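Start with the open spaces, then turn to the record.

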Amino acid sequence: MLKPLSNPGLNAHDTVGHIVARTLQRHGITQFFGQSLPSMFVLAAEEMGMRQIAYRTENAGGYMADAYARMSNTPAVITAQNGPAATLLVAPLAEALKVSIPVIALVQDVARDQTDKNAFQDLDHIGLFKPVTKWVRRVDQASRVEDYVEQAIIAACSGRPGPVALMLPADLLTEAGVSSSVPRTSNLGRFPLDRSTPDHALLRQAVDALIQAKNPVIIAGGGVHGSGAHDALVEFANTVSIPVGTTNMGKGAVDESAPLSLGVMANCMGPNGSGRYLKDFITGADVILLIGNRTNQNGTDSWALYPKNARFIHLDIDGQEIGRNYDALRLVGDAKLALQAMTEIAKGADLRQRSAGKQALVARIAQGKTQHLAESHDVRTSNAMPIRPERIMQELNALLTGEDTVVADASYSTLWVTNYLTARKPGQRFITPRGLAGLGWGMPMAMGARLAKQDGQVFCLVGDGGFGHVWSEMETCKRMGIKVITLLINNGILGYQKHAENVKFGEHTSAVDFSGVDHAAIARACGIHGVRVSDPARIADALRTAMASEDSTLIEVMCTENAFPPITFYTPESNA
């Protein structure tokens, strides 16, 4: 009889759990995010050479999987137990659904003969996951397991990518494995899985409208990253001499130092905002090409940034997004293929008018960028103590290279990054959780990004409010050998909550202020480097030391609570 303290070796072989692992491997999936359950699958997967990235909490594991998929353009697998563990996947799956990321949740379910008997941690998991996934199923027959795992991958990666959930009853996983009756050899573990090009006649209409426009502009969203359309976007914009702005999620779609780049044009048009003196390129546009852009509230500055009398052309993989908020010429298809086709059409057109105006266009953009740098100079170079967050960004921006990845938590952290860091090349990733924008998602996402991309540094910006949700994952960094450099803004408050309540109501609630916490000490207790910085002159040295280290580092920066990003609605008088 086996004993709780003895482990002589796995005593189950060629099970359904092995079939699940083998199917994932066939689709190029070599690691997954989990915490032991479903046990039979995890044991089989590890026996077969797959790596389990063992998280501390399911919600953090889900964010790791999300960022891994974003960075690798492959589906990411997250596993969990039934019941309370499964409920903690709701938030990360909802984020992935909103922003089109293929995360595959493999969730253990109770034994088939125990369903609806009040078995331990039994729950209606299909009802739980249905609102936050593209596809959710429970498989009950061993002969169908390979089919369902493949269906999950196809559902996640095809069309508009998104999360899926597959329930695996515990007793089914231990049954003898049975291969599908349909011979399956394909590797489908990538996205976009099936690229399609919009109707050529519509593409020609779009190109003609843009060439003939007086003040056209392109606004690229996160879909450009999902499609890998960065280079195609740059070539098209340069061919037709049209400026390119991005949404918060689209940041990095183009080199922001390029002559035609406007940078992020979204909800930060207040004083010191990077797009403040380039706003006229959007508000004065007569034709606007939206690419992979959900036209959501933050990306459009509460739908007030885009002019109502402009003509819109909308390119998106999901036809339902086109026309949601702006009536538009519909280009339904893959951004990369569509932009490549549009470039070829444009090269055969008369571009003399567009080319003639390029020099003046570039000069206007350069002037707007210069004005921003002049206006924001004092906050970016401030020597004040407590430290201003803009100074942190100034020091990081000076060290950032095109190979580096930056991840930000939701709320203020995202906006410090989008306004004060510069994308060095097309396709550089600045990952922000903008689907639902939940606090605490930054560091786990940075961990997933690091696992997907080994070159360059991975920096993460978080606030003390959000970071309190995921302290435990610093131990995961140490245990799993995941190096991220986390910059923590310790201002002792929930910044956005406090400041936005002041703006909206003239008073703030009592929950926005924290007791003092030594986050650097917690980091050291978890086995990673932890340093507290109170003098802005020490930020650069702390960053360089962290970059040279082989282990993760938490740099806790003691910041003023009297600083806020240039959110437009904070200063409406300056945007009249």
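The largest pocket in this predicted model has a volume of about 1100 Å³. Its lining counts 47 residues. The second largest pocket holds about 380 Å³ of space, and 20 residues line that pocket.

**Largest pocket**
- Asn267, Asn298, Arg434, Ala437 and Tyr496 are the lining residues that lie nearest the centre of the largest pocket.
- Four helices each give at least two residues to this lining: α5 (90–99), α18 (412–420), α20 (464–467) and α22 (495–505).
- By residue class, the lining of the largest pocket has 18 nonpolar, 18 polar and 11 charged members.

**Second largest pocket**
- Space in the second largest pocket comes to about 380 Å³.
- Closest to the centre of the second largest pocket are Ser274, His372, Leu373, Asn419 and Thr422.
- Strand β9 (261–264) and helices α15 (358–375), α17 (389–399) and α18 each supply at least two residues of this lining.
- β9 makes the largest contribution to the second largest pocket, with 4 residues.
- The lining of the second largest pocket splits into 6 nonpolar, 10 polar and 4 charged residues.

**Annotated domain**
- An unreviewed UniProt entry lists residues 203–342 as "domain: Thiamine pyrophosphate enzyme central".

Methods
Residues are numbered from 1 along each chain as its sequence is written. This is a predicted model: local features need pLDDT of at least 70, side-chain atom pairs count only at pLDDT 80 or more; totals for chains, interfaces and linings use all residues. Side-chain values use heavy atoms; hydrogens and water are left out. UniProt positions are given in the numbering used here, feature names are shortened, and annotations may be inferred rather than shown by experiment. On a 1 Å grid over the protein atoms alone, a cavity is a set of points where a 1.4 Å probe fits but cannot get out, and a pocket is an open set with protein on both sides within 12 Å along at least five of seven lines; lining residues have an atom within 4 Å of a point. Grid points are joined across faces, edges and corners, and a volume is the space filled by probe spheres set on the points. Ala, Val, Leu, Ile, Met, Phe, Trp, Tyr, Cys and Pro count as nonpolar, Asp, Glu, Lys and Arg as charged, and the others, Gly among them, as polar.
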